[in-house]
2 protein chains.
Amino acid sequence: MKLLEDRILKDGNVLGEDILKVDSFLTHQVDYELMQEIGKVLAEAYKDAGITKVVTIEASGIAPALYTAQAMNVPMIFAKKAKNITMTEGILTAEVYSFTKRVTSTVSIASKFLSEDDTVLIVDDFLANGQAAKGLLEIIGQAGAKVAGIGIVIEKSFQTGRKLLEETGVPVTSLARIKEFKDGQVVFTEADA
Amino acid sequence: MKLLEDRILKDGNVLGEDILKVDSFLTHQVDYELMQEIGKVLAEAYKDAGITKVVTIEASGIAPALYTAQAMNVPMIFAKKAKNITMTEGILTAEVYSFTKRVTSTVSIASKFLSEDDTVLIVDDFLANGQAAKGLLEIIGQAGAKVAGIGIVIEKSFQTGRKLLEETGVPVTSLARIKEFKDGQVVFTEADA
């Protein structure tokens, strides 16, 4: 997705070996117009997949997932990273380790929102080690629902997540794929859409 | 906002003395169409206020804040509840106690996204004790920016938050105002929009 790659080149900041900071348009301040375009592209990629729900994890996945859900005219569900006292009913959970935040969280979705009649598109902001998406696959599997695909805004292709997810047989659609950081600059490989 | 009140009556669940669970359309599964309408109503209420940024806190505030930002054609910023290793620069922080989650969090916004030239509309999903909005007011004040108003999706008017915020002199616009829970049912008082 050229619009996204251009924005990453313009506003992304490479930190150290493997971190890309995109807090001016995706992970902290959000550019709704770019998110809308991302939603349209992901919706187009899965338009014939019979998607009934878009699922993401709080918090940075919510904006792209919401516009994808809008473009597909289905509800969006965001998995929770911490339990709270209003989650009292049947809860599906998975353990997810975040390399960025260096903590393991229990990610959860209320079971009533997913059933074996659902076909899910997972959407997330980053694919690095694939732990978040793997946790979502696990939860959605517990519900007996099908996952038709995983839509990713930015993939760090030099990390292990893409391979991990492809081994599950679920298609991955990454809108920007980063091959490497060279001298502090982002180098892309061909994106999926 | 009648559409919202009707949805609360239809799909909201009263838990115990003071908790309203709206996880089927706002806090877990999200109905984008309703969020869009909420965004339009809040944008209309502050259309002449010269808003330059919409600010919320992760995670349930993101959807209504995003559509409000879209309707006003400005960026949305979501304050973070936990620091992560990509937040390295100047950070503005405030302590916020969540009665729902029973924890105190440090809420933060990168200082580069707010300046004294900004006029902010705060948007949040719930107003109960007002701690989240108070924390945001504090952070935005640290940046020297002005707050033109606070847009709330659901206000529990029987709790102290509304009064706390009104004492700061900042206008509050709540789209649904709950006077009380009577026999497990929601009773509204007149909303602000």
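User: How many salt bridges does the rule find across the interface of chain B and chain A?

Analyst: This is a predicted model, and side-chain atom pairs count only at pLDDT 80 or more. One bridge joins the side chains of A:Asp23 and B:Lys112, at 3.2 Å from N to O. Across the interface of chain B and chain A, the rule finds a total of two.

User: Which elements of chain B give two or more residues to the side that touches chain A, and which of them gives the largest share?

Analyst: The elements that give two or more residues are strands E2 (19-21), E3 (29-30), E5 (76-79) and E7 (103-110), together with helices H2 (32-45) and H3 (62-72), of chain B. The largest share of that side is six residues, and it comes from H3(B).

User: What is the make-up of that side of chain B by class, and how many residue pairs are in polar contact across the interface?

Analyst: The side of chain B that touches chain A has 23 nonpolar, 13 polar and 10 charged residues. For polar contact across the interface of chain B and chain A, the number of residue pairs found is 16.

User: How many residues of each chain are in contact, and what area do chain B and chain A bury between them?

Analyst: On the chain B side 46 residues are in contact with 45 residues of chain A. Carbon and sulfur atoms carry 60% of the buried area. Between them, chain B and chain A bury about 3800 Å².

User: Why does A:Thr27 count as buried?

Analyst: Buried means a relative accessible area under 20%. A:Thr27 counts as buried because its relative accessible area is 13%.

User: Is A:Lys156 buried or exposed, and what does A:Lys156 touch?

Analyst: A:Lys156 lies in strand E9 (residues 146-156) of chain A. With a relative accessible area of 11%, A:Lys156 is buried. Not counting residues up to four places away in sequence, A:Lys156 touches A:Asp18, A:Ile19, A:Phe126, A:Leu127, A:Ala128, A:Ile178 and A:Phe181.

User: UniProt also places "binding site" at A:Gly130 and A:Gln131. Where is A:Gly130 found, and what is A:Gly130 in contact with?

Analyst: A:Gly130 is in the loop between strand E8 (119-127) and helix H4 (131-142) of chain A. A:Gly130 counts as buried because its relative accessibility is 5%. Beyond its neighbours within four places in sequence, A:Gly130 is in contact with A:Gly161, A:Leu164 and A:Leu165.

User: What does A:Gln131 touch, and what is its relative accessibility?

Analyst: A:Gln131 is found in helix H4 of chain A. Not counting residues up to four places away in sequence, A:Gln131 touches A:Val96, A:Tyr97, A:Phe99 and A:Leu164. A:Gln131 counts as partly exposed, its relative accessibility being 24%.

User: What separates B:Asp6 and B:Lys2 along helix H1 of chain B?

Analyst: B:Asp6 forms a salt bridge with B:Lys2, and the closest N and O atoms are 2.7 Å apart. B:Asp6 is partly exposed at 36% relative accessible area, while B:Lys2 counts as exposed at 59%. The two are four residues apart in helix H1 (residues 2-11), so the separation is about one helical turn.

Note on methods
Residues are numbered from 1 along each chain as its sequence is written. Chains are lettered from A and ligands numbered from 1 in the order in which they are written. This is a predicted model: local features need pLDDT of at least 70, side-chain atom pairs count only at pLDDT 80 or more; totals for chains, interfaces and linings use all residues. Side-chain values use heavy atoms; hydrogens and water are left out. Buried means under 20% relative accessible area, exposed over 50%, partly exposed in between (1.4 Å probe, protein chains only). Contact means heavy atoms within 4.5 Å. Buried area is the accessible area (1.4 Å probe) that two parts lose on being put together, summed over both. A salt bridge is a side-chain nitrogen of Lys or Arg within 4 Å of a carboxyl oxygen of Asp or Glu. A polar contact is a pair of N or O atoms within 3.5 Å; within protein, one must be able to donate a hydrogen and the other to accept it, and residues adjacent in sequence count only if both atoms are side-chain atoms. Ala, Val, Leu, Ile, Met, Phe, Trp, Tyr, Cys and Pro count as nonpolar, Asp, Glu, Lys and Arg as charged, and the others, Gly among them, as polar. UniProt positions are given in the numbering used here, feature names are shortened, and annotations may be inferred rather than shown by experiment.
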